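Welcome, and please take a look at the model below. A short tour of a few of its features follows.

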Amino acid sequence: MTKFVINPNVKKSKIHKEIYGHFSEHLGRCIYEGMYVGEDSPIPNVNGMRTDVVEALKEMKIPVLRWPGGCFADEYHWKDGVGPKENRKKIINTHWGGVVEDNSFGTHEFFELCRQLGCEAYVNGNVGSGTVQEMSEWVEYMTFDGVSPMADWRKENGHEDSWDVAFFGVGNENWGCGGNMTPEFYANEYRRYQTYVRDYKADKKIYKIACGPNVDDYEWTEGVMSTCFRHSQPFQHGFMDGLSLHYYTHPEGWEIKGSATDFDDKVWYKTLSKTLYMEELIRRHGAIMDKYDPKKEIGLIVDEWGTWFTVEPGTNPGFLYQQNTMRDALVAGINLNIFNKHSDRVRMANIAQIVNVLQSVILTEGEKMIKTPTYHVFNMYKYHQDAMLVDSHIDTETIGVEEEYQVPNLTESVSVDENGVLHITVTNLSLTEDYEIDTTILEKNISEVKGEILTEEMHAMNTFEEPETVCTKEFTDVKITDKGLAFTIPACSVLHLSVK
Ligand code: AHR
């Protein structure tokens, strides 16, 4: 019997809804086909946005969408993507397959998509190949309501009112595809560029995000933090609101990656063990940030995470299209539990990428659309959005096949929402064992418990022929006891319980 103790009276930190954020990039079939099909498409759409995809994402309660990249962001010149579509510049998407980018999806289309989704906008600016002026004018174009060259141009282009930019990224991966900079060089560039990311709305300040480290590059975090804090005393609020972190799960390493669908037990545990590394990354980068920002006012923004496998056979290698199985569901459930537990520092996270690319929640083929196992995890975990993390602890044992890739059998996180309902999410990483969980919930009179579960064999996935192989089912194997709950979580599963 596994012991699980929850103390709803110890509220720890707010789980900002943006932890359940997403990332869209001009990459493969993410934007074009995946979300934007154009007004004249036979695929049902509203102003060019696929209705089926928009509806599915709204149901999952997408809180925020990052755009336009990724590596694409540091080659994106926003002026190419506004004005009459027939006049927009056609460019080469050098990062992703060398295909023609016709710029038919630009700033106006992105904000129209966010409007339909009812989500916040996270716009990523260009530091690598753009200028300070270009970035500053983009912000003016998007957010200024008065009379100015950029605001007037936006109006001429058909949008009278400004938009709200909730989050703005000052460059992307500037240690690599965003300009191959050193941390100190980037930090100085950050200081300069962010100065001209003006807040035109006193009540809707833009949350500015500096480019943070790749995986375990602690030198980058130290270099950026120390350079940004030099000669900035007292540290001005709004100078840097967030620092990004990118970490992908590659079971076989960056070069080989490994198949999305063809794997054995060893690779299952290896993948999950590499996913769990996220916890150490957050702790160690967080410890460096603590030196400069002990009050944790600067958020760690995990704006690229998820599995990155070898592309599906027969697809364009530059498009990064991959399938999604129960293994991805576990990767999502584990990561989201980690982010919840570290929500004192992790302010936002954006899984890559939302449709048709890496660990996508949706895949499309022509007019068909499927929800992946990862979608169902986000849909089950949505109740944590803006809830308070509460104290919880579950006893675990170590499992696995190879010594190097041992993992805990279970992960969990628990929150309480504004109505006092407890939301418990648990992942069972074992391929073979069910676990009986004896749960103590301190000082709570339980009147009702409801559950939903995602559980199938490890390779199970949804296809265009069989779209519902993996989907959530009601979970009734849970009893209210005199001190809490008793339930058995099956092998290879992700579970959500809501407790009144
Ligand atoms: O997600 C694919 C790419 O991975 C992004 O464009 C880039 O930021 C990262 O290297």
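How many disulfides does the structure hold? In this predicted model, the structure holds one disulfide. The bond joins Cys71 and Cys177, with sulfur atoms 2.2 Å apart. About the S-S bond the angle is -90 degrees, and the link of Cys71 and Cys177 is left-handed. Distant parts of the chain are brought together by this pair, whose members are 106 residues apart. The table shows where each cysteine sits.

| Cysteine | Loop between | and |
|---|---|---|
| Cys71 | β5 (64–67) | β6 (91–93) |
| Cys177 | β9 (167–170) | α5 (183–195) |

An unreviewed UniProt entry carries the annotation "domain: Alpha-L-arabinofuranosidase C-terminal" for residues 303–493. Over residues 303–493, the chain is 13% helix and 37% strand, and the end C-alpha atoms are 25 Å apart.

Next comes a pair of helices, α9 (residues 326–341) and α10 (residues 373–381). Their axes come within 7 Å and cross at roughly 30 degrees. Angles under 35 degrees count as roughly parallel, and α9 and α10 are therefore roughly parallel to each other. The crossing of α9 past α10 is right-handed. On the α9 side, the contact is made by Met326, Asp328, Ala329, Ala332, Gly333, Leu336 and Asn337; α10 contributes Pro373, Thr374, Val377, Phe378 and Tyr381. By residue class, the contact of α9 with α10 divides into eight nonpolar, three polar and one charged.

Methods:
Residues numbered from 1 in each chain as written. Predicted model: local features only at pLDDT ≥ 70, side-chain atom pairs only at ≥ 80, totals over all residues. Heavy atoms only, no water. UniProt positions renumbered as here; feature names shortened; annotations may be inferred. Helix = DSSP H or I, 4+ residues; strand = E, 2+ residues; numbered from the N terminus. Axes fitted to C-alpha atoms, helices over the stretch in contact; angles between N-to-C directions. Parallel < 35°, antiparallel > 145°, perpendicular 65-115°, else oblique. Left-handed = near helix turned anticlockwise from the far one by under 90°. Contact = heavy atoms within 4.5 Å. Nonpolar A, V, L, I, M, F, W, Y, C, P; charged D, E, K, R; others polar. Disulfide = S-S within 2.5 Å.
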